[in-house]
Amino acid sequence: MPFVNIKITKEDGPTKEQKEALIAEVTEVLVRVLHKNRASTVVIIDEIDTDNYGLGGQSITQVRKANH
């Protein structure tokens, strides 16, 4: 069973329709390229708050504030 985990930030996050498109298109790539079974392909989208991960010792929220 193929399992794909997509991680994106919540800020300006995707719409319900965009998430549905991501799930459908990623599934199609696995079916077409890896010949996986569509019915057993799992796609999970994790939306991550920018306070919950960091770069260079700062949260992404801090990094983006410093760059604006």
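## Close-up views of the predicted model

**View A. Glu20 is partly exposed, with a relative accessible area of 43%.** The model shown here and in the other views is predicted. The side chain of Glu20 forms a salt bridge with Lys16, and the closest N and O atoms of the pair are 3.1 Å apart. Glu20 and Lys16 both belong to helix α1 and are four residues apart, so about one helical turn separates them. Lys16 counts as exposed, because its relative accessibility is 59% and the cut-off for exposed is over 50%. A search of the whole structure finds five salt bridges, and the Glu20–Lys16 pair is one of the salt bridges illustrated in these views.

**View B. A salt bridge joins the side chains of Glu47 and Lys19, at 2.6 Å from N to O.** Glu47 sits in strand β2 and Lys19 in helix α1, so this pair ties together parts that lie 28 residues apart in sequence. Glu47 is partly exposed, with a relative accessible area of 29%. Lys19 also counts as partly exposed, at 24% relative accessibility. On the strand side of this view, Glu47 in β2 stands opposite Ile8.

**View C. Strands β1 and β2 run parallel and are joined by seven bridges.** Strand β1 covers residues 3–9, and strand β2 covers residues 42–48. Helix α1 has 19 residues and reaches 27 Å from its first C-alpha to its last, close to the 27 Å expected at 1.5 Å a residue.

**View D. Glu28 and Arg38 form a salt bridge, their closest N and O atoms being 2.8 Å apart.** Glu28 lies in helix α1, while Arg38 lies in the loop between α1 and β2, so the pair ties together parts that are ten residues apart in sequence. Both partners are described by intermediate accessibility values: Glu28 is partly exposed, with a relative accessible area of 32%, and Arg38 counts as partly exposed at 45%.

**View E. His35 follows helix α1 and has a positive phi, near 60°.** The residue is placed in the loop between α1 and β2. Most residues other than glycine have a negative phi. His35 is not a glycine, yet its phi is positive, at about 60°. The relative accessible area of His35 is 67%, so the residue is exposed, the cut-off being over 50%.

**View F. Ser59 is placed in strand β4, which covers residues 58–59.** Ser59 has a relative accessibility of 15% and counts as buried, because the cut-off for buried is under 20%. Apart from neighbours within four places in sequence, Ser59 is in contact with Thr50, Asp51, Tyr53 and Gly54.

View G. In the model, the end C-alpha atoms of residues 2–61 lie 33 Å apart. By secondary structure, this span is 35% helix and 30% strand.

Technical notes: Residues are numbered from 1 along each chain as its sequence is written. This is a predicted model: local features need pLDDT of at least 70, side-chain atom pairs count only at pLDDT 80 or more; totals for chains, interfaces and linings use all residues. Side-chain values use heavy atoms; hydrogens and water are left out. Two strands pair if DSSP finds at least two bridges between them. Helices (H or I, at least four residues) and strands (E, at least two) are DSSP runs, numbered from the N terminus. The expected span of a helix is 1.5 Å times one less than its number of residues. Buried means under 20% relative accessible area, exposed over 50%, partly exposed in between (1.4 Å probe, protein chains only). Contact means heavy atoms within 4.5 Å. A salt bridge is a side-chain nitrogen of Lys or Arg within 4 Å of a carboxyl oxygen of Asp or Glu.
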